[in-house]
Amino acid sequence: MAYNVLIVDDSQTMRKVILKALTISGFDMGAYFEAGNGEEALTVLNSQWVDLILTDLNMPVMNGLELIQRLKENPTYQAIPVVLITTEGSETRLQELFALGVKEYIQKPFHPEMLRDALTRIMEKPYV
Amino acid sequence: MYDDFRKAAVSATLNIFETMFFTFLELNDFPEGDASGQPGLTLEMSSAMVLRSEIPFSGNRNGVLRLFLPYDLSESLAMNFLGFEDEVTEAQILDMASELSNMICGNLFSLLDKTAVFILGSPLTEKLTSQEAMERPNEADITLNFQTEGQSVFLQLHLHPSS
């Protein structure tokens, strides 16, 4: 089964890097969508079916924390797994985010294998 | 005085260049007893054009982190980062430099204190002549010089006195 992925990061370059890492990792990806902040992500979710969200934390307009809160408040989106890909590594902050329902956390810099392993854990599916 | 910051900055920078850019840096080490780095180290850039990327941070300590990259090195870093074999645009190069300073800053604080929460601001990256880059306000408590492929990369940390 191929999974539709939404990548949310204010850096267009970083979105390309994450997409490349996803491709290299062997993750079974279907459609790919991108957004530059949380608000744009919600717009994408209104019109597209998404199985997995990969998001940064620090973004303008609507940051990753607010996006996660909005997703969890909405019955339509609350079951979509969210993976954080961020430079932050504070355990205190991460505990707060896991309490909100974040499934996995990847700190930049990362290898494609780290991404694959995190997604494997979430989707419970072995990858090539 | 800033030995912990210096060690974390060196470790974060080396790791990020290697992991995300496949580029190995060598630290130009300082004389024994000068563990805090050299605040007054001259920014002698080997390239005519330079990227100056600055990111503010706040938390237990407030301040700014600054990164100086030769433009031609930045171009090859952006190609490595994106996996492109052809040309990269100037916008992509500037975006890469912002992401690089963001990653170094975030990792530095993770290494310093796993439990403290630091808020990173938005990085600002400018393309400048090396003369313009040196004339900007570059106050720093720590200045680190790295070498790669015969080119210099500088990293500065300035901690606000009140923090």
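**Group meeting: a predicted two-chain model**

I'll start with one residue, Phe57(B): it has 21 C-beta neighbours inside 10 Å, so it counts as buried, the cut-off being 20 or more. Before going further, note that this is a predicted model.

Phe57(B) sits in strand β2 of chain B, which covers residues 49-58. What is Phe57(B) in contact with, once neighbours within four places in sequence are left aside? There are Asn62(B), Gly63(B) and Leu65(B), then Cys105(B), and then Phe118(B), Ile119(B), Leu120(B) and Gly121(B). Take Cys105(B) from that set: it is 48 residues away from Phe57(B) along the chain, and the two C-alpha atoms are 8.1 Å apart.

Next, confidence in chain A. The average pLDDT there is 89, and 96% of the residues score at least 70. Where is confidence lowest in chain A? That is helix α5(A), residues 112-123, with a mean of 84. Helix α2(A), residues 38-47, has the highest, at 97.

Now the sheet in chain A. Five strands make an open sheet with parallel pairing, and the order is β2-β1-β3-β4-β5. At the edges are β2(A), residues 29-35, and β5(A), residues 104-107, each of which pairs on one side only. From one strand to the next, the twist averages 20°. Strand β4(A), residues 82-86, runs parallel to β5(A) and is joined to it by 4 bridges. As for individual residues, Leu84(A) has Tyr105(A) in β5(A) as its bridge partner. Helix α3(A), residues 64-73, packs on this sheet and touches β1(A), β3(A) and β4(A). The direction of that helix makes about 175° with the direction of β4(A).

On to the core. The largest nonpolar core has 72 residues, and Leu54(A), Ala9(B) and Ile104(B) have the most contacts inside it. Which element gives the most to this core? Helix α3(B), residues 90-112, does, with 10 residues. For Leu54(A), again leaving aside neighbours within four places in sequence, the contacts are Val5(A), Ile7(A), Val8(A), Ile18(A), Val83(A) and Ile85(A).

Last, the contact between the chains. It takes 20 residues from chain A and 25 from chain B. On the chain B side, the elements giving two or more residues are α1(B), α2(B) and α3(B). Helix α3(B) gives the most to that side, with 11 residues. By type, the chain B side divides into 11 nonpolar, 11 polar and 3 charged residues.

Technical notes. Residues numbered from 1 in each chain as written. Chains lettered and ligands numbered in written order. Predicted model: local features only at pLDDT ≥ 70, side-chain atom pairs only at ≥ 80, totals over all residues. pLDDT = per-residue confidence, 0-100. Core = buried A, V, L, I, M, F, W, Y, C linked by C-beta atoms within 7 Å. Buried ≥ 20, exposed ≤ 12 C-beta atoms within 10 Å, placed from the backbone. Contact = placed C-beta atoms within 7 Å. Pairing = 2+ DSSP bridges. Axes fitted to C-alpha atoms, helices over the stretch in contact; angles between N-to-C directions. Nonpolar A, V, L, I, M, F, W, Y, C, P; charged D, E, K, R; others polar.
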